[in-house]
Amino acid sequence: MSIQFHHENIGKILVVQVSGMVTKGDYDIFLPEFERLVREFGKLRLLFDMTKLTGWDVGAAWEDYKFGIAHFSDIELLAMVGETRWHQDMAIFCKAFTNALVRYFDHLQVAQARQWLEETPSILPDAGKFDEQGQWSV
């Protein structure tokens, strides 16, 4: 399987690790569990580790596009972990498909990515805002 995932922090953090070429079949396994977690816990914080990702096949790319539209508001924070320039570019590209605050971390910073997900306050209206570096200010 190209996608492996598990939830932490009583379900609020979903850790997703992708490797190799992601297929439509991977989404057929991942999507029902993602949707179950959203129903159970509400908005999720996602650690997306794409360090070993080489790409998506056409079916998976279409599923990913549909996922972004259907779950635009279901992710609160998205920490994307990678090791190449195109991984970093993916983090920038993803911002258009989510309401989540998206932040890229180098694969050597996975501990900082996890800390960012665990310690960043929930996004509350008029309670403050995030700056361009993803830091919270009142």
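Q: At what angle do helix α1 and α2 pack, and how is that arrangement classed?
A: In this predicted model, helix α1 (residues 24-41) and α2 have axes 8 Å apart and pack at an angle of about 25°. Axes are lines fitted to C-alpha atoms, for helices over the stretch in contact, with angles from 0 to 180 degrees between N-to-C directions. Angles under 35 degrees count as roughly parallel, over 145 as roughly antiparallel, 65 to 115 as roughly perpendicular and the rest as oblique. The angle therefore makes α1, relative to α2, roughly parallel.

Q: Which residues of α2 meet α1?
A: Contact means heavy atoms within 4.5 Å. From α1 come Lys24, Tyr27, Phe30, Leu31 and Phe34. Their partners in α2 are Gly59, Ala60, Glu63, Asp64 and Phe67.

Q: In which helix does Trp62 lie?
A: Helices are DSSP runs (H or I, at least four residues), numbered from the N terminus. The run that holds Trp62 spans residues 58-70 and is helix α2.

Q: What is the order of elements in the protein chain?
A: The chain has 4 helices and 7 strands, a strand being a DSSP run of E with at least two residues. From the N terminus on, the order is β-β-α-β-α-β-α-β-α-β-β.

Q: What percentage of the residues count as buried?
A: Buried means under 20% relative accessible area, exposed over 50%, and partly exposed in between (1.4 Å probe, protein chains only). Totals for chains use all residues, whereas local features need pLDDT of at least 70 and side-chain atom pairs pLDDT 80 or more. Of the 138 residues, the buried share is 39%.

Key:
Residues numbered from 1 in each chain as written. Heavy atoms only, no water.
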